[in-house]
Amino acid sequence: MSTETSQPALTSTTANTPANTTENRPVNTLALSDFEQRRLLRIAFSGVAGFAICKIMGWPYGVFFAVFPMLLMGMVPVFNTMIAAQFLGGVVVSALEVWLLQTLLVPYPVLMLMVVAFFFGCHFRWMITTPYLLLWASSLVTTTTVLNLGSYQPESIHNMMIATALASIISVVAAALMFWLIPEPDSPGRPPEQHLSKAQINHRMLMGAILCTGSYVVFQLFDLQDSLSAQVATVLVLFPMTLQGTLLSAWNRARGVLYGCAMAMLVQVLMYDLIDHLVLVVLAMFMTILVAARLHLAERAGSATGFGALTTIGILFGQYMQPGGDILYSSVYRVTSVIFALVILMICAHLLDRLLNGFAATRNE
């Protein structure tokens, strides 16, 4: 397979709207087309389905069950066996990486760090040079999350991987069910292929791998086990793998986290002591997801402000929206930690971009 061509997975941009519905798009750009309205319902129903199943079964790590369905439905506008295989394959890749690192390399921190950097570099390179972006992107997010949380709770890594596997299976089943109940009559068009030089591929791979490894080191050196959103945000904003794309992604992510936290806090204030009733919490989550998902689809810009709000809602509901939970404090802490982490990351990204552009083999023209 040539490394000169990148075939990214489908994302929620205007290029993914079915060709024969483009002409029927509403004049008002904030209005949703029929295609986008169907996506809106799929995202909302699949998100609450994973959350509800987790709470009914009493499973831990509800954040995976709330976020994974929304990631799958929000990242790609279609669903087929290849998408399902990539999403499930991401869990397998992550499980193998975590097992190798935690079983063999924990006594050797320097060697472990080198292997982590190597894994991250492989993920970013294969995200660019293969048509399986969803597989490598989803497994990267899962691996970094489990490694970070597992370093504080080593005895829970096994349970975390079981939770991620169950959440992935439920997400795929929910997606298949949603496309059966709310079918899509037309196939979206593929986004244009990127034609990158070897230097550009090297630049983007090193940008992603070095910054992702740096984020991993920082969250290991400091006691930041409650900063899940900040840690995940520092990974998600790297997916453009260019300075300009990362800066824009970070700005949108910060706004999305702010919007998501504001909506979650409003839900808790309105519900007050009714938070003990699961049915009411599920209904509140459904309505909140509808608002965030509509913003996500109306932006037609992939992982932008709406997508950041969507995943933030999933994290807050899945991890903190429970009897006795203080979502107000969690939301304020989440906003400040995400903004601080992204500011530091953007400074490092600017310096690293200048350094890499100083060499012909890694110049991003």
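1. T213 is placed in helix α7, which spans residues 198-221. Helices here are DSSP runs of H or I with at least four residues, strands are runs of E with at least two, and both are numbered from the N terminus. The model is predicted: local features need pLDDT of at least 70, side-chain atom pairs count only at pLDDT 80 or more, and totals for chains, interfaces and linings use all residues. Residues are numbered from 1 along each chain as its sequence is written, and side-chain values use heavy atoms, with hydrogens and water left out.

2. Is T213 buried or exposed? T213 is buried, because its relative accessible area is 10%; buried means under 20%, exposed over 50%, and partly exposed in between, with a 1.4 Å probe and protein chains only. The side chain of T213 reaches the backbone oxygen of A209 at 2.7 Å. This is a polar contact (a pair of N or O atoms within 3.5 Å; within protein, one must be able to donate a hydrogen and the other to accept it, and residues adjacent in sequence count only if both atoms are side-chain atoms). An α-helix has 3.6 residues a turn, so residues three or four places apart point the same way. With neighbours within four places in sequence set aside, T213 is in contact (heavy atoms within 4.5 Å) with L113, A117 and F120.

3. For the protein as a whole, the secondary structure comes to 12 helices and two strands. Along the sequence these elements follow the pattern β-α-α-α-α-α-α-β-α-α-α-α-α-α. Of the 365 residues in the protein, 55% are buried. Among contacts with a separation of 6 or more, 79% join residues 24 or more positions apart.

4. Two or more lining residues come from each of α7, α8 (228-236) and α12 (327-356). Which element gives the most to this lining? The answer is α12, with seven residues. By class, the lining of this pocket has 12 nonpolar, five polar and no charged residues; Ala, Val, Leu, Ile, Met, Phe, Trp, Tyr, Cys and Pro count as nonpolar, Asp, Glu, Lys and Arg as charged, and the others, Gly among them, as polar.

5. On a 1 Å grid over the protein atoms alone, a cavity is a set of points where a 1.4 Å probe fits but cannot get out, while a pocket is an open set with protein on both sides within 12 Å along at least five of seven lines; lining residues have an atom within 4 Å of a point. Grid points are joined across faces, edges and corners, and a volume is the space filled by probe spheres set on the points.

6. The largest cavity contains about 170 Å³ of space. It is lined by 14 residues, of which V67, F68, V141, T145 and V232 are the closest to its centre. Helices α2 (62-75), α5 (133-152), α8 and α11 (305-319) each supply at least two lining residues, and the largest share, five residues, comes from α2. The lining of this cavity has 10 nonpolar, three polar and one charged residues.

7. Helix α8 contributes to the linings of both the second largest pocket and the largest cavity. This helix is mostly covered, with nine of its nine residues buried; V232 and T234 are among them.

8. G62 lies in α2 and counts as buried because its relative accessibility is 8%. Beyond its neighbours within four places in sequence, G62 is in contact with C54 and G318. G62 and A163 are 101 residues apart in sequence, yet their C-alpha atoms are 8.3 Å apart in space.

9. A167 belongs to helix α6 (residues 157-181) and is buried at 1% relative accessibility. A167 touches F64, F65 and F68, residues up to four places away in sequence not being counted. From A167 to F64 the C-alpha to C-alpha distance is 5.9 Å, across 103 residues of sequence.

10. Y61, in the loop between α1 (34-57) and α2, has phi near 55°. M241, in the loop between α8 and α9 (243-271), has phi of about 60°. M241 counts as buried because its relative accessibility is 6%.
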